[in-house]
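Have the sequence and the 3D view open as you read.

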Amino acid sequence: MGIKIVGAGMYLPEKVVANEDFEKIVDTSNEWIVKRTGIKKRHLSQGEYTFDMGLKAAREALKNANMDATEIDLIIVTTVTPDFYFPSMANVIQGRLGAKNAFGIDIACACAGFVYALDMAQRYIDSSDDIENVLIVSSENITKTVDYKDRSTCVLFGDGAGAVVVKKGPNKAYSYLGCDGEYADILYAHLYPSGNYFADEETNRKNKSIFPNETGRYMYMDGPAVYRLAVDFMVSSLEKACEKAGIKPADLDIIIPHQANVRIIETAIRKLSILKERVYVNIENTGNISSACIPVCLTELFKSGRLKENNRVGIVGFGAGMIYGAMVFSV
Ligand code: ACO
């Protein structure tokens, strides 16, 4: 038994910000951004809620799957930029969709979130009699963690959402997941500090990072360190997922990597000896939308007709944690 993706959907906010727009606010240039990252523009949310962007993508995925929300048994939402501490985004989306037969779970696996959710979907479907249809929603408002005075991070990110409907299918998917928390301090964004009425003033004022670099509410990223690890983690996790499937990365018809930097993707492609034409890249139009990158790519591939029945697809992600994972499946 395995899984099949039967519908996909996406949502990107209307507001588009081009590289040239950054030239007006930080010391950068279109040329630097394109050459070092591959990004030309990105969509930025204008006060839109993360759950609302996810909802739009979910509705499109259900429509493309020709299914009603009441047919969904489980909703998995991936996000590191939710709207609330509680309730979960999955609960809010379940309610707004009217998916009254579903239960919901949020997972925070940074930019690898979609890979983890697809792995979970297969495990739930495989191991239970009462879960047949799973809706995965990956939605990110990552730009709310970005300091627009920091040129080394602000040009990289965009907002958006992607969603897929997963059903029981004939082909097993193979995954390899991992993380290394020793690198938690190279990429992070803090939530509110602890504090309450009875705590001393110092505690209530405290907004100190437990990590060495203090960035307040904004993200900290050691770009070059993330870059080096990302290449290694992407290469090894895709190789290991393929090994489990009994194939080589070069046998995959389409590879969808997390869209963080086109140079990371190109270096990984070289190390994996896979054809560039088989690797899907849309970063020039979206920037890095964290866990939404892969399902947005999947939706674009389905829409363009490039994904054909029985194509073997490899997805591979990495992100803050450091967390990483790859999955190999047939469409
Ligand atoms: N415009 C112009 N110059 C810049 C900019 C910019 N936007 N950003 C940095 N620079 C400068 C730096 O200040 C530095 O200048 P200096 O030499 O005078 O000190 C120079 O460019 C080189 O800086 P590096 O950081 O070494 O540049 P690099 O080639 O490594 O590119 C980048 C930086 C794009 C951030 C790259 O390291 C990268 O992509 N890293 C990985 C990012 C990533 O994958 N993040 C994952 C996030 S996913 C998640 O979980 C949220």
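## A loop residue, the ligand shell and the cysteines

Ala110 sits in the loop between strand E5 (103-107) and helix H5 (113-127); helices (H or I, at least four residues) and strands (E, at least two) are DSSP runs, numbered from the N terminus. The model you are looking at is predicted, so local features need pLDDT of at least 70 and side-chain atom pairs count only at pLDDT 80 or more, while totals for chains, interfaces and linings use all residues. Residues are numbered from 1 along each chain as its sequence is written, and side-chain values use heavy atoms, with hydrogens and water left out.

Back to Ala110: its phi is near 45 degrees, a positive value in a residue other than glycine. Buried means under 20% relative accessible area, exposed over 50%, and partly exposed in between (1.4 Å probe, protein chains only).

Ser290 also has a positive phi in a residue other than glycine, near 50 degrees. Ser290 lies in the loop between helix H10 (283-286) and helix H11 (293-304), and at 1% relative accessibility Ser290 is buried.

Now for the ligand. Which residues come nearest to it? Of the 26 residues around the ligand, these are Thr28, Arg36, Cys111, Arg151 and Asn261; a residue is near a molecule if one of its heavy atoms lies within 4 Å of it. By class, this shell has 15 nonpolar, seven polar and four charged residues. Here Ala, Val, Leu, Ile, Met, Phe, Trp, Tyr, Cys and Pro count as nonpolar, Asp, Glu, Lys and Arg as charged, and the others, Gly among them, as polar.

Several elements each supply at least two residues of the shell: helix H2 (30-37), helix H6 (151-154), helix H8 (223-245), helix H9 (262-272) and strand E12 (312-319). H8 gives the most, with four residues. Domain 1 (2-169) and domain 2 (175-183 + 217-330) each contribute at least three residues to the shell, with domain bounds coming from an automatic or database domain assignment.

| Residue and part | Ligand atom | Distance |
|---|---|---|
| Trp32, side chain | nitrogen | 3.4 Å |
| Asn261, side chain | oxygen | 2.6 Å |
| Ala320, backbone | oxygen | 2.9 Å |

The protein covers 74% of the 1,000 Å² of accessible area that the ligand has on its own; accessible areas come from the Shrake-Rupley method with a 1.4 Å probe, and for residues only the protein chains shown count as cover.

How many disulfides does a search of the whole structure find? The search finds zero, a disulfide being a pair of cysteine sulfur atoms within 2.5 Å. Cys154 is in no disulfide, and the nearest cysteine sulfur, that of Cys111, is 17 Å away. Cys154 is buried, with a relative accessible area of 0%, and Cys111 is buried at 13% relative accessibility.

His43 lies in strand E3 (residues 41-43) and is buried at 13% relative accessibility. The His43 side chain reaches the backbone oxygen of Pro13 at 2.6 Å.

Phe86 and Pro87 are joined by a cis bond with omega about 0 degrees, and Pro87 lies in the loop between strand E4 (74-78) and helix H4 (89-97). The bond from Gly321 to Met322 is cis, with omega near -15 degrees, and Met322 is in the loop between E12 and strand E13 (323-330).

Methods
Polar contact = N/O pair within 3.5 Å; in protein donor to acceptor, adjacent residues only side chain to side chain.
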